[in-house]
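Please examine the structure below.

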Amino acid sequence: THLLLHNASNVGPVQYGSFLIQRRNILIASIALGLASSASYGMTVTILTVLMTVSSVLCQLQLPSLNAMQSKNERESLVAIYGQIQLSSWAVFTLGLFVLAVFGNTVLNSIGSDTKLLAWPLLLSFGIIYLLELNHSIAATYLTTVNKIPFVKAALISGVSITTLAILFADAYGIVGLIAAQGVVQLAYNNWKWPTEAQKHLQSSFLETIKKGANKLTGKI
């Protein structure tokens, strides 16, 4: 019970850190940039966040199975399921990003929206940042199945760092600065730290995990 209460108490700080990482820059954009630029940035962030959430649905659906396998120490099954989740999530996000880049503004025009998405080079760059975010979020979710939440401090520090850099970069570099602030901070730690920790716990290399995930995925298909 003490462990559950301790972990539950960590969820709030993690959520706050996630807000700073993914949403605070919208507020900064509205202050530092013009109306049109901040609207495009906000629309792009919102849609990419939704896409990332949709892409991670399989991970959430498999969470009870991961917990059960973890309690039984079924290592091979864990590796296969984790690899399957990664491949499926990457595929959904990549397909969604492609559709967004090609048809996004057309769809927005069709529903009468005057707001445009960011230009496609910025959109794709932002999309890669969110794909890496999706990847380390899956790893972090897996790590919660061992009844530990080791990323509380990292989430808070990253959120504050991104906010600080965004404020410094926004005036000088505009939207590029906002995107760079999030990408640089996440790449410096979270993007590689939690996937590495997950692979260590699984006792499986990245390639082995992907191979087993692909076998499980193709077997289901």
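## Valine 57

In this predicted model, valine 57 is partly exposed, because its relative accessible area is 39% and partly exposed residues lie between the limits of 20% for buried and 50% for exposed. Valine 57 is located in helix α4.

Valine 57 can also be placed relative to isoleucine 85. The two residues are separated by 28 residues in sequence, and their C-alpha atoms are 9.3 Å apart in space.

## The largest nonpolar core

In soluble globular proteins, nonpolar side chains tend to be buried together. The largest nonpolar core of this model comprises 46 residues, and Tyr41, Phe93, Phe126 and Leu178 have the most contacts inside it. At least two residues of this core come from each of the helices α2 (24-32), α3 (35-55), α4 (57-72), α5 (75-110), α6 (120-143), α7 (152-173), α8 (175-188) and α9 (190-202). The greatest contribution, 10 residues, is made by α6.

Which residues does leucine 178 touch, not counting residues up to four places away in sequence? They are Asn25, Ile28, Ala29, Leu33, Tyr41, Ala166 and Ala170. Tyr41, one of these residues, is also among those with the most contacts inside the core.

## The second largest pocket

The volume of the second largest pocket is about 150 Å³. Its lining consists of Leu143, Val146, Lys148, Pro150, Trp194, Glu197, Lys200 and His201.

Helix α9 provides the largest share of this lining, with four residues. Classified by type, the lining of the second largest pocket contains four nonpolar residues, three charged residues and one polar residue.

Key
Residues numbered from 1 in each chain as written. Predicted model: local features only at pLDDT ≥ 70, side-chain atom pairs only at ≥ 80, totals over all residues. Heavy atoms only, no water. Core = buried A, V, L, I, M, F, W, Y, C linked by side-chain atoms within 4.5 Å. Buried < 20%, exposed > 50% of the residue type's maximum accessible area, 1.4 Å probe, protein only. Contact = heavy atoms within 4.5 Å. 1 Å grid on protein atoms, 1.4 Å probe; cavity = no way out; pocket = protein on both sides within 12 Å on 5 of 7 lines; lining within 4 Å. Points joined across faces, edges and corners; volume = space filled by probe spheres on them. Nonpolar A, V, L, I, M, F, W, Y, C, P; charged D, E, K, R; others polar.
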